Amino acid sequence: MRALLTSSLVAASLMLGGCGLRPLYANGDKGAVAQVLADVDVAPIEGHSGWLVRNALRDRLQATREGREAGKRLRLDVRLEDSITGFGVRSDDAVTRERRMLRARYQLVDSASGEVLLDATAAQDAGIDVVGSEYATIAAESTSLERLASGVADQIVARIAVFAHRGGGQSADTPAAPAPAGQ
């Protein structure tokens, strides 16, 4: 039984090795993805939600820079739409539940030429209980905005990383990642 299990694990590992999957962040800070992420400068974003998203983006991109200043080769422009919709209405027309939605339309722009390299959207939403205390409701709305900003920033950085992994946004001195087998 033990020999069968061992041979099955060996066979499974050989099949996985040939599937063409490669780590997104291969070669660490010297890899193509890290180089592109290190070259991204986040343009100021309007409003409180913009401040939160920009800081979250800068925190995530800072990890790829090894203490260097942000690259200026690529610029990330982000426009946000933040909305709160009430639903869950009681018989006295009081709202008992809210939905907060944060949508971002973002563009990765080559700073030198002004060419848009990537144009995409990201969105997150959260449910908020409306309680008797106005302070508690406002605190819940604020906390949800912080979580939403973090989630939107994660989506944006992940999308830029995939874009870079596929060869986009790389400078002439950055080697392009090889295409996956079968594509």
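## Confidence of the model

pLDDT is the predictor's confidence in each residue, on a scale from 0 to 100. This structure is a predicted model, in which local features need pLDDT of at least 70 and side-chain atom pairs count only at pLDDT 80 or more, while totals for chains, interfaces and linings use all residues. Residues are numbered from 1 along each chain as its sequence is written, and side-chain values use heavy atoms, with hydrogens and water left out.

The protein chain has a mean pLDDT of 82, and 75% of its residues reach 70 or more. Confidence is lowest in α1, with a mean of 68, and highest in β4, at 94. Over residues 174-183, pLDDT stays under 50. For that stretch the model has 12 contacts beyond four places in sequence, a contact being heavy atoms within 4.5 Å. Where pLDDT is low, the predicted coordinates should not be read in detail.

## Overall architecture

The protein chain contains 4 helices and 4 strands. Here helices (H or I, at least four residues) and strands (E, at least two) are DSSP runs, numbered from the N terminus. Along the sequence, their order is α-α-β-α-β-β-β-α.

Of the 183 residues of the protein chain, 34% count as buried; the term means under 20% relative accessible area, whereas exposed means over 50% and partly exposed lies in between (1.4 Å probe, protein chains only). Among the contacts with a separation of 6 or more, 64% are between residues 24 or more positions apart.

## Strands and hairpins

Two strands pair if DSSP finds at least two bridges between them. β2 and β3 pair in the antiparallel sense over 15 bridges, and Gly-86 has Glu-98 in β3 as its bridge partner. The hairpin of β2 and β3 has 5 residues between the strands, and Asp-93 in the turn has a positive phi of about 65°.

Strand β3 (residues 95-110) also runs antiparallel to strand β4 (residues 116-129), to which 13 bridges join it. In this pairing, Arg-100 stands opposite Ala-126 in β4. The hairpin of β3 and β4 likewise has 5 residues between its strands, and Gly-114 there takes a positive phi near 80°.

Helix α4 (residues 134-165) has 32 residues, which at 1.5 Å a residue should span 46 Å; the end C-alpha atoms are 46 Å apart, so the two values agree. The expected span is 1.5 Å times one less than the number of residues. After α4 comes Gly-167, with a positive phi near 100°.

In soluble globular proteins, nonpolar side chains tend to be buried together. A nonpolar core is a set of buried Ala, Val, Leu, Ile, Met, Phe, Trp, Tyr and Cys residues joined through side-chain atoms within 4.5 Å. The largest one here has 33 residues, and those with the most contacts inside it are Leu-57, Leu-76, Tyr-106, Leu-108 and Ile-156. At least two residues of this core come from each of α2, β1 (40-42), α3 (47-62), β2 (74-89), β3, β4 and α4. α4 gives the most, with 11 residues. Apart from residues up to four places away in sequence, Ile-156 touches Leu-57, Leu-76, Ala-104, Tyr-106 and Ala-122.

## Selected buried residues

Asp-77 is placed in strand β2 and is buried because its relative accessible area is 19%. The side chains of Asp-77 and Arg-75 are joined by a polar contact of 2.9 Å. Such a contact is a pair of N or O atoms within 3.5 Å; within protein, one must be able to donate a hydrogen and the other to accept it, and residues adjacent in sequence count only if both atoms are side-chain atoms. Beyond four places in sequence, Asp-77 touches Ala-43, Arg-105, Tyr-106, Gln-107 and Val-109.

Thr-137 is found in helix α4 and counts as buried because its relative accessibility is 8%. Gly-31, in the loop between α1 (2-17) and α2 (32-38), counts as buried because its relative accessibility is 2%. Gly-31 and Ala-164 are 133 residues apart in sequence, and their C-alpha atoms are 10.0 Å apart in space.
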